Each structure stands twice: as C-alpha cells, then as structure tokens.
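Thanks for coming, everyone. Let me put the model up on the screen, and then we'll walk through some side-chain contacts.

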Amino acid sequence: VQSVVASHSYLNNRNTKYQQNDESDPEHLMLRLRSTEQETKFRFENNSSFRNWKVNLGLNLDYSQYTNTTFQKAYTNQAQTFDYHTYLGMMRWGLFGTISYSSMDERFTASLGLRADANNYSSAMKSLSDQLSPRISLSYQLADHWFLSGNAGLYYQLPPYTALGFKDNNGTYVNKYNLRYMKVSQESLGISWRKGDTFEVSVEGFYKDYDKIPLSVVDGIPLTCKGNDYGVIGNELLTSTAQGRSYGAEILVKWLIAKKLNLASSFTIFKSEYRNDKESEYIASAWDNRYIFNLRGTYNLPRQWSVGMKVSCIGGAPYTPYDEEKSSLVSAWDAQGKAYYDYSKYNKERLPAFAQVDLRIDKTFYLKHCMLGFYLDLQNITVSKLKQQDVLMSTGIIENPEAPAAAQRYRMKRIKQSSGTLLPTLGITFEY
C-alpha cells in the first residue's frame, strides 16, 4: 500500500506592548512583533506486510517560510533596541523506515526503526548522517498475566523559528552557525500484571537525555528553562551547548468492574535537570515538580445514579527570584516593562505543593429512543489555592529623581499571586 500526503499549515502571530499600556505616544512602544510561519509538507510512504512482518518505508520533503518584523527594546548592561526584518525560506528532507514483527501467539512483538533528517539552513544541518535516529521497541509476555516491555530511541528536532530567524541590527543571522538540531535520547523499561480487561498494575522506569539544547548567552541558562512566562522564545543570541536529563518512575493501576466501578490511579516521581555545558553542574529545570499523583474513578449507584471523583496532586515547581537591583532601574524597567530574574540564583526557590479534589454526580433517564442526563460538577471542592511567585512591579514613582538618568530607580512593590476557587457546573446531556 502506497500513501501520498500533502499538507500546508499557516500561523500568524502578533505581539505588541507599550509602556504602561499607553499607545498615544510612539516613544512608549517596547515590543512590536509580526511573524508568520508556513509549512508545506509532502510525504510518501510504502507499507508492506507478509506473514508476521510489517515494513514501512518513506521519505518527506518540506518547505518552510518564516517572516518576522520585530521592534524590541531590551536591557542587558544597558538599554538597547533590536529592529529587524526576516524572511527565511528553508527546505527540509528526511528518510524513514520501520520493521515490525509479531509472533504467531502474540507473546512477543518487536519494532525497529531508523530516521534521518536534514535541511539547508546551514552547512552544519545539511547532512542526513548527522541526524540519524534509531528506535527500538520490544514487548514480551513472560507468563500468564505478566508482560515486560521496553523501548529506546534517538530523536532530533529543530530549534524554534524565532531562534533560526533572529537577526542583529546589521541584518545578520547571528545564530546561523551556532545552532544545531536538538538531540534527545529516550529509554524506558516496564513490567505489568494484567487480568483480562478488568485489572492492571504496571511499573515503568524512564530516562531522557537532552543534548545540543540552545543556551541563552545573555542570561546563561538553557532556552527551555525560561519557563512558561517568557513572552517571545528564542529571539536572542544562542549557542547549542546546553544539556539536560529527566528520569523517574511511574506506577499505574486500573480496575474495572462492569457496570459498577471504573478506577484509575497513577503516581509519577521524577527529576528534570539542565546544565549549560558538559563542564557545568546540573540544576533543576522549570519543570522539576518532582512528583505527580492522580486518582480518578466513577461508581454506579442504583436507579441510574453515579458519582465520580478526581484527586490531583503535584509537587511545587522551582522558581528563580527577581533581580531587584536591576529591575528597579528606570532604564531597565522601561525597556521591558516587567521584572528581571536573577539567573545566578536560577531555581533556588520552590513553591508549595498543590492538591485539588473534584466531584461529579450524574443522574440518567433512559426514554423510548433517547437518553437524558443531568449532572452537577464541583471542581476544587477543597477550595485549594495554587500559589505562584509574588510579582515584582514598579509603582511608577522614581525614588531618586536628582540622580543621573542611568542611576534612577523606581520604587517597587510586590503583588501576591494565588488562584483557586470552588467552581460548580450544572449540565444536561442528551442522546438520540
């Protein structure tokens, strides 16, 4: 069987920020970003099967167009402005293949794959042999109810377009010869005990290794460590020297009693760390919550009543304290409009853990050719509060107006961040 797939995607992105949100004065403009990302993809695949074997072979050819017109004020040791326009056209190509085997009794399955990727962005990314990605997956039934499985693979991914298309004010692609494909290797091994479709317990260990991750030269931390509050990702000088790792284990339990109980629970304990290069020490990443616990289930009562509950708990995320000295400078605050982090203390602090309990009650009526249902959904019945780092803000008042402009400072204030409330929902379902 041969398959031919053609697709096109289009993303239009706009981001504008004025000082104090005052658009009446052009001098207040801090950020104006206009970008588009378009990808035209072509893929050909051939699938063959004979006896217990399946073979998949294919190739892909993609054309990417990235445009970016950016005006941005920034501050490192002094205020500066980036004003550039990018038009980036890039060809990408790849080859891939997978061979799968399943024994006659289905006790043993195996899959072996290989993929290669390249593009014409720079000479360092043009060779398919530099981005070879082997993958293997195995599963074996050890005995009645016992199953062992494992997989390992290597994956390559491009840095974000904002990083590839970033220019300095001279119109030079400053990251063109610094960036490489990001490289991720992943391994896992698990064992499970199953009793039909009604009960399953599994334990799986995993390890991921990240290499050639873009490093922010200005801030001295990996780009992936900037968290989820960073407005524009990658429009800065970068080098592909950072590394990372995440590892841990997950326990999963599923229990099903037909027309009575449906229960599922998982507990994952892990660590997520990054470092700037091979010579540096690992530090906690922005995603290093350490553990995640979920328990959810529904129980069917007589007369078409049912009750469901979900319990979720996640460890506190690490965070980086603000650099109050830098943030309070008038020239620094006016360039960005928000506080700067002290990356010398990257993720040295940690937020408290968070837990939430949700409850849902359903009542169903089965009529002649339809089903009518009513439900009450109560999210966060414990009214738990998710706490975040206090926000450091400028009051707009200059404490030392008599000082030189470069030394003037705003009076700062902190605003507490916490969210969480009881959210009730009434609903109706109807099926005909």
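Start with a definition: a charge sits over a ring if NZ of Lys or CZ of Arg is within 6 Å of the ring centre and within 35 degrees of the ring normal. Keep in mind that this is a predicted model.

Now apply that rule. The charged end of Arg 194 sits over the ring of Phe 147, and the distance to the ring centre is 4.1 Å. Here is another case. Arg 245 places its charged end over the ring of Tyr 282, 3.9 Å from the centre.

On to salt bridges. Side chains of opposite charge can pair when their charged atoms come close. How many salt bridges does the structure hold? The count is 14. I'll show you some of them.

Take Lys 41 and Glu 39. Their side chains meet in a salt bridge, 3.5 Å from N to O. Is Glu 39 buried or exposed? Glu 39 counts as buried, because its relative accessibility is 17% and the cut-off for buried is under 20%. Lys 41 has 34%, so Lys 41 counts as partly exposed. There is a further partner here. Glu 39, Lys 41 and Arg 92 are linked in a network of salt bridges. Remember Arg 92, please; the name comes back with the pocket.

Next, Glu 45 and Arg 43. This salt bridge has an N to O distance of 2.6 Å. Glu 45 is buried, at a relative accessible area of 16%. Arg 43 is partly exposed, at 33%.

Now Lys 416 and Asp 390. Their salt bridge spans 3.9 Å, N to O. This pair links distant parts of the chain. Lys 416 is in strand S21, residues 410-419, and Asp 390 is in strand S20, residues 386-398. The two residues are 26 residues apart. As for accessibility, Lys 416 is exposed, with a relative accessible area of 71%. Asp 390 is partly exposed, at 25%.

Let's turn to the rings. A pair of aromatic rings is described by the distance of the centres and the angle of the planes. The structure has 15 aromatic pairs. Look at Trp 53 and Tyr 101. Their ring centres are 4.8 Å apart and their planes are at 50°, so the pair is tilted. Where do these two residues lie? Trp 53 lies in strand S3, residues 53-75, and Tyr 101 in strand S4, residues 79-102. The pair therefore ties together parts that are 48 residues apart in sequence. Trp 53 is partly exposed, with a relative accessible area of 39%. Tyr 101 counts as partly exposed too, at 25%.

Now compare Tyr 322 and Tyr 341. Are their planes stacked or tilted? The centres are 5.1 Å apart and the planes are at 15°, so this pair is stacked. Both residues are in loops. Tyr 322 is in the loop between strand S16 (318-319) and helix H2 (324-328). Tyr 341 is in the loop between helix H3 (330-336) and strand S17 (349-350). That means the pair ties together parts 19 residues apart in sequence. Tyr 322 is buried, at 13%, whereas Tyr 341 is partly exposed, at 23%.

Back to Trp 53 and Tyr 101 for a moment. Together with Phe 108 and Tyr 140, they form one aromatic cluster.

Next, the second largest pocket. The space in this pocket is about 280 Å³. Which residues come closest to its centre? They are Asn 60, Asp 62, Arg 92, Arg 115 and Asp 117, out of 17 lining residues. By class, the lining has eight nonpolar, three polar and six charged residues. Several strands contribute at least two lining residues each, among them S3, S4 and strand S5 (108-119).

Last topic: backbone angles. Most residues other than glycine have a negative phi. Here are two with a positive value. Arg 51 has a phi near 55°. Arg 51 is found in the loop between S2 and S3, and at 86% relative accessibility it counts as exposed. Lys 259 has a phi near 60°. Lys 259 lies in the loop between strand S11 (238-257) and strand S12 (261-275). Lys 259 is exposed, with a relative accessible area of 77%.

That's my tour. Over to you.

Note on methods. Residues are numbered from 1 along each chain as its sequence is written. This is a predicted model: local features need pLDDT of at least 70, side-chain atom pairs count only at pLDDT 80 or more; totals for chains, interfaces and linings use all residues. Side-chain values use heavy atoms; hydrogens and water are left out. A salt bridge is a side-chain nitrogen of Lys or Arg within 4 Å of a carboxyl oxygen of Asp or Glu. Buried means under 20% relative accessible area, exposed over 50%, partly exposed in between (1.4 Å probe, protein chains only). Helices (H or I, at least four residues) and strands (E, at least two) are DSSP runs, numbered from the N terminus. Rings of Phe, Tyr and Trp (its six-membered ring) pair if their centres lie within 6.5 Å; planes under 30 degrees apart count as stacked, over 60 as edge-to-face and the rest as tilted. On a 1 Å grid over the protein atoms alone, a cavity is a set of points where a 1.4 Å probe fits but cannot get out, and a pocket is an open set with protein on both sides within 12 Å along at least five of seven lines; lining residues have an atom within 4 Å of a point. Grid points are joined across faces, edges and corners, and a volume is the space filled by probe spheres set on the points. Ala, Val, Leu, Ile, Met, Phe, Trp, Tyr, Cys and Pro count as nonpolar, Asp, Glu, Lys and Arg as charged, and the others, Gly among them, as polar.
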